[in-house]
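Trainee: I would like a close look at a single part of this model, followed by its surroundings. Please keep the answer in one piece.

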Amino acid sequence: MAFEPPQRLMRALGETERNGAADWLVKLPELVQQVVDLRELTVERVQAPGGRSSLVVLVRQADGTPAVLKLAPPWARPESERAALAHWGGFGAVQLLDGNGGEGVLLLERLHPEMSVRSLPEAKALLEAAGTLRRLWVEPPAGQVFESVAERTGRQAEAMRASASADAEVAPLVDAALAAREELLASAPQARLLHGTFRQSKVLAGERMPWLAVGPDPVVGECAFDLARLVRDRVEDLIASPSGASITRRRVKRLAESLELDQERLRGWTLFRAVESGVRARRVGRPQDAELLLEFAGWL
């Protein structure tokens with residue numbers, strides 16, 4: 001199958017600085033062809049702009065049923081995604097159609113990629129997204145294979161410290177974010193299976209249910225960690241608003257109350273995740289994104 005991987009995917013893989021990223025991209029057309037032939041799939045089109053860590057192909061199964069074929073490199077943790085989707089069983093999340101898709105290969109139910117919660121008015125979008133997220137917060141499966149919040153943020157904290165030591169401008173925010181992380185981990189409430197990278201664009205319209213989550217990078221930990229990414233959705237609009245800081249604080253309060261979470265814990269994880277994303281954006285050469293995220297973090 002001859003095709004060009006979406007520019008968004010190629011750009012994102014270039015930012016990862018991972019060994020093997022270029023090779024994986026080169027072999028991707030051959031891998032897609034192998035999977036399509038093995039499963040007797042008919043390719044409709046490659047979804048663009050698509051994701052930042054995987055290739056998404058709209059296909060039809062042998063019986064004509066529409067589906068989505070997703071291929072991800074090992075460092076995107078596709079087997080962890082498979083395990084989480086299997087555990088959720090389609091409740092609140094996209095349905096896994098084949099539990100034995102092969103390494104890095106997922107066959108999923110077809111949703112409506114052109115219609116995400118982000119297309120709704122902001123207040124409605126936050127309400128629907130939060131309701132979807134609540135369904136995913138379940139007990140982790142026995143013998144779970146998922147990373148913990150402490151493990152994931154530990155790796156991120158190391159990278160943040162390295163950036164702060166080389167960039168005095170971000171050091172105060174990094175210090176505040178790391179202090180918040182230490183305090184939060186010292187008193188963490190009961191752990192749940194979390195989506196890990198939840199935001200409005202990760203919730204698509206479906207047939208079985210109005211809204212279903214896609215693209216998890218699952219992790220086990222407290223629910224406030226998962227909700228924190230949703231707080232900064234549409235950050236560009238928040239920054240552009242003269243009352244962006246007060247809107248952000250109200251959003252933290254409203255989301256925490258709607259999902260019965262501690263407001264200060266949500267604020268702390270929102271701070272950590274915003275600083276981590278901003279520092280990473282600065283490191284890989286996305287200065288505009290970094291500026292927005294770090295200004296947002298300063299409001300917290």
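What is the relative accessible area of Gln 263?

Mentor: Gln 263 has a relative accessible area of 32%, so this residue is partly exposed. That class lies between buried, which is under 20% relative accessible area, and exposed, which is over 50%, with a 1.4 Å probe and protein chains only. Before the rest, note that the model is predicted, that local features need pLDDT of at least 70, that side-chain atom pairs count only at pLDDT 80 or more, and that totals for chains, interfaces and linings use all residues. Residues are numbered from 1 along each chain as its sequence is written, and side-chain values use heavy atoms, with hydrogens and water left out.

Gln 263 belongs to helix 10, which covers residues 263–283. Helices here are DSSP runs of H or I with at least four residues, strands are runs of E with at least two, and both are numbered from the N terminus. Leaving aside residues up to four places away in sequence, Gln 263 touches Val 252, Lys 253 and Ala 256; contact means heavy atoms within 4.5 Å.

The loop between helix 9 and helix 10 contains Glu 260. Its phi is positive, about 55°, although Glu 260 is not a glycine. Glu 260 counts as exposed because its relative accessibility is 69%. Another non-glycine residue with a positive phi is Arg 77, where the value is near 55°. Arg 77 sits in the loop from strand 3 (66–71) to helix 3 (78–88), and a relative accessibility of 27% makes Arg 77 partly exposed.

Helix 10 packs against helix 11 (residues 287–298) at an angle of about 155°, with the axes 8 Å apart. Axes are lines fitted to C-alpha atoms, for helices over the stretch in contact, and the angles run from 0 to 180 degrees between N-to-C directions. Helix 10 and helix 11 are therefore roughly antiparallel. The classes are roughly parallel under 35 degrees, roughly antiparallel over 145, roughly perpendicular from 65 to 115, and oblique for the rest. The crossing of helix 10 and helix 11 is left-handed, a term used if the near helix is turned anticlockwise from the far one by less than a right angle; clockwise gives right-handed. Among the residues that make this contact are Leu 271, Ala 274, Val 275 and Gly 278 of helix 10, and Ala 290, Leu 293, Leu 294 and Phe 296 of helix 11. By class, the contact of helix 10 with helix 11 has 10 nonpolar, 3 polar and 2 charged residues. Here Ala, Val, Leu, Ile, Met, Phe, Trp, Tyr, Cys and Pro count as nonpolar, Asp, Glu, Lys and Arg as charged, and the others, Gly among them, as polar.

Helix 6 (residues 171–186) also meets helix 10: their axes come within 9 Å and cross at roughly 135°. That angle makes helix 6 oblique to helix 10, and the crossing is left-handed. On the helix 6 side the contact includes Leu 173, Ala 177, Arg 181 and Leu 184, and on the helix 10 side it includes Arg 265, Trp 269, Phe 272 and Val 279. The contact of helix 6 with helix 10 divides into 13 nonpolar, 1 polar and 2 charged residues.

Helix 9 (residues 244–258) has a packing partner in helix 4 (residues 122–136), at an angle of about 40° and with 11 Å between the axes. Helix 4 and helix 9 are therefore oblique to each other, and their crossing is right-handed. Glu 122, Leu 126, Ala 130 and Arg 134 of helix 4 make the contact with Arg 251, Arg 254, Leu 255 and Ser 258 of helix 9. The class count for helix 4 with helix 9 is 3 nonpolar, 1 polar and 4 charged residues.

Elsewhere, Glu 109 in strand 5 (residues 105–109) counts as buried because its relative accessibility is 12%. The side chains of Glu 109 and Arg 208 are joined by a polar contact of 2.7 Å, that is, a pair of N or O atoms within 3.5 Å; within protein, one must be able to donate a hydrogen and the other to accept it, and residues adjacent in sequence count only if both atoms are side-chain atoms. A polar atom of the Glu 109 side chain also lies 2.8 Å from the backbone nitrogen of Gln 95.
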